[in-house]
Amino acid sequence: MRSKLFVPGARPELFAKALAGDADALSFDLEDAVPLHLKGAARTAIASFLATEAALQSPKVMIVRTNAPSTPYFADDVNEVISEGVALLNLPKVESAAEVRAAVDVIALAEATHGLQRRTRLLVNIETPRALAHAAAIAGAHPRVAGLQLGLADMFEPHGIDRRDRANLHAILFAVRMAAAQADVFALDGAYADIADEEGFRDEAAMARRLGYLGKSCVHPRQVALANAAFAVSEYELAAAQRIVEAAQAPANQGRGAFMVDGKMIDLPFLKRAQALLAAAHKS
């Protein structure tokens with residue numbers, strides 16, 4: 001998941017265009033990019049699109065960023081969008097392990113209601129000082145947590161911290177990466193809002209790559225190529241992806257929600273990432 005492109009849930013005219021682009025993952029947003037009066041329409045639009053054959057057959061990792069679990073919109077978000085097509089739910093504004101577990105209860109109920117057999121995994125945002133203090137506990141709060149995503153703007157801007165200071169940037173990237181490592185989940189770098197500042201985007205992405213981050217979020221299609229280049233995969237990673245895809249096609253694993261490859265449990269998010277890596281390598 002070298003690149004994850006945000007797609008505003010209230011802009012369904014952008015969905016197909018995003019699907020046809022080069023981002024490894026698409027994150028359909030129900031939170032900040034959607035005003036209150038459009039949240040219901042955005043849920044419906046996202047759910048409808050993710051049920052299309054084009055979306056279901058795509059190797060891209062499909063993610064939905066819900067509203068924060070503490071808001072009155074969260075349960076409706078989950079109940080409307082939960083489906084086999086959603087690889088990850090992205091939880092914003094989480095500040096404790098208890099919030100993660102409470103969110104899992106809501107998600108599990110929605111899965112049961114919809115008759116889903118697969119457990120939806122979680123990408124949890126670390127975007128406040130309190131969340132940072134509890135990042136390791138959040139990462140390890142539940143087996144459904146697949147990764148942590150750093151929200152630099154929310155972490156730095158309200159407190160007057162200079163994002164372009166490399167010491168500040170390294171400190172926060174390292175702290176979140178170590179929290180993810182402690183729980184053995186991946187870390188994903190956050191978005192960079194200044195679309196015209198390609199140098200700044202590259203600098204952040206390069207540091208995140210050196211620290212072992214999986215990829216970086218993008219707020220505009222122009223940033224996708226920058227993220228893909230910064231997190232370009234090695235021949236070793238491509239070989240591992242090929243083994244995952246081949247294992248998923250083996251008769252013994254067909255129809256199973258999880259299976260083992262190279263001693264590691266593989267489920268839908270990992271399979272989707274492997275497929276995306278191979279698809280990207282085939283394009284290049």
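Start with the eight strands, which form an open sheet with parallel pairing in the order S7-S6-S5-S4-S3-S2-S1-S8. Strands here are DSSP runs of E with at least two residues, helices are runs of H or I with at least four, and both are numbered from the N terminus; two strands pair if DSSP finds at least two bridges between them. The model is predicted: local features need pLDDT of at least 70, side-chain atom pairs count only at pLDDT 80 or more, and totals for chains, interfaces and linings use all residues. Residues are numbered from 1 along each chain as its sequence is written, and side-chain values use heavy atoms, with hydrogens and water left out.

Select 186-188 and 216-218 next: these are the edge strands S7 and S8, and each pairs on one side only. Strand S1 (residues 3-8) pairs with S8 in the parallel sense over three bridges.

Now select helix H2, residues 39-50. Its buried residues (under 20% relative accessible area, 1.4 Å probe, protein chains only) are Lys39, Ala42, Arg43, Ala45, Ile46, Phe49 and Leu50. Look down the axis of H2: the buried residues fall within an arc of 170° (taken from the directions from the helix axis to the C-beta atoms), so they line one face of the helix. They pack against helices H1, H3 and H4 and strands S2 and S3, where contact means heavy atoms within 4.5 Å.

Finish at phenylalanine 28. Leaving aside neighbours within four places in sequence, phenylalanine 28 is in contact with residues including Ile46, Phe49 and Leu50.

Notes:
Expected span 1.5 Å × (residues − 1). Buried < 20%, exposed > 50% of the residue type's maximum accessible area, 1.4 Å probe, protein only.
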